[in-house]
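Visitor: Could you take me through this model, beginning with the ligand? I am new to reading structures.
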Amino acid sequence: MNIQIFENEKQVHEACAILFAAQLIENPESVLGFATGSTPVGAYDELARMHDEGIISFFHASSFNLDEYVGLEQDHEQSYHRFMMKNLFDHVDMPEENIHVPYGAALDPEVEVLLYENAIAEAGGIDLQLLGIGVNGHIGFNEPSSSFSAETHVVDLTPSTIEANARFFDSADEVPRQALTMGIGTIMNALKIVLVATGENKAQAIREMIDGPINPACPASILQLHDNVTVLLDLAAASLLQ
Ligand code: PGA
């Protein structure tokens, strides 16, 4: 793992955006893997700025998001599809047909996950995947004890994730109980991965991911076996590293 520690969050966001910009400049037809959550938002702002300034274009690129809540329509206020439109795609030139987020309101989620995995394969696989990390070490919605080889699948969210995400809903009761997520196998197939984490509340998960054994109790620990992972941290998130 290539671990880079920055003094503050802003520098983490800028470094992350630079990696995606470099990927687009090197290969305008890149297949990009995107993530939701609060951590990537600053990087998306930077990418939108670089796009505005004519430094990068997404016109020939395509994207696959990690996950989506089961049961939410694309335009639901808390859907990850809407999040991505609002935070990135409404501000850049990626054609709508190139944007992929698992369809949470699919009649049959079990079919949707197969279609999603096939679409990734048909696009030639993901060139650069962005990841956040949960306080419990999850990546995407791959919660502790997930299979390290799983493809895109339907998952039950753990109480800690429901609690962590309740801040976006009126109450924890409104947080969907299931999600569609790329599996850890899908994520590990990406050619390059960049994981971003900021803040003290991620320090323990980051420590387990980097210094701990590879263990399903910390799903992100499997990234130790990927040969092209860049981890971008602020001082707080890196504070428990040995
Ligand atoms: P966060 O979520 O960026 O909102 O902390 C990260 C995650 O749960 O993967």
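**The ligand and its surroundings**

Guide: An oxygen atom of the ligand lies 2.4 Å from an N or O atom in the side chain of T39. A polar contact here is a pair of N or O atoms within 3.5 Å; within protein, one must be able to donate a hydrogen and the other to accept it, and residues adjacent in sequence count only if both atoms are side-chain atoms. The model is predicted, so local features need pLDDT of at least 70 and side-chain atom pairs count only at pLDDT 80 or more, while totals for chains, interfaces and linings use all residues. Residues are numbered from 1 along each chain as its sequence is written, and side-chain values use heavy atoms, with hydrogens and water left out.

Visitor: How far is the polar side-chain atom of H138 from an oxygen atom of the ligand? And what about K202?

Guide: For H138 the distance is 2.7 Å. In the side chain of K202, an N or O atom is 2.5 Å from an oxygen atom of the ligand. Taken alone, the ligand exposes 290 Å², and the protein buries 81% of that. These areas come from the Shrake-Rupley method with a 1.4 Å probe; for residues, only the protein chains shown count as cover.

Visitor: Which residues are around the ligand?

Guide: They are G37, S38, T39, G132, I133, G134, H138, R167 and K202. A residue is listed if one of its heavy atoms lies within 4 Å of the molecule. By class, this shell has one nonpolar, six polar and two charged residues. Ala, Val, Leu, Ile, Met, Phe, Trp, Tyr, Cys and Pro count as nonpolar, Asp, Glu, Lys and Arg as charged, and the others, Gly among them, as polar.

Visitor: Let us change topic. Where is S145, and is S145 buried or exposed?

Guide: S145 lies in the loop between β6 (128-131) and β7 (153-156). Helices (H or I, at least four residues) and strands (E, at least two) are DSSP runs, numbered from the N terminus. S145 is exposed, at a relative accessible area of 64%. Buried means under 20% relative accessible area, exposed over 50%, and partly exposed in between (1.4 Å probe, protein chains only). S145 also has a positive phi of about 80°, although it is not a glycine.

Visitor: What about N65: buried or exposed?

Guide: N65 is buried, with a relative accessible area of 0%, and is found in strand β3 (residues 62-65). A polar atom of its side chain lies 3.3 Å from the backbone oxygen of F34.
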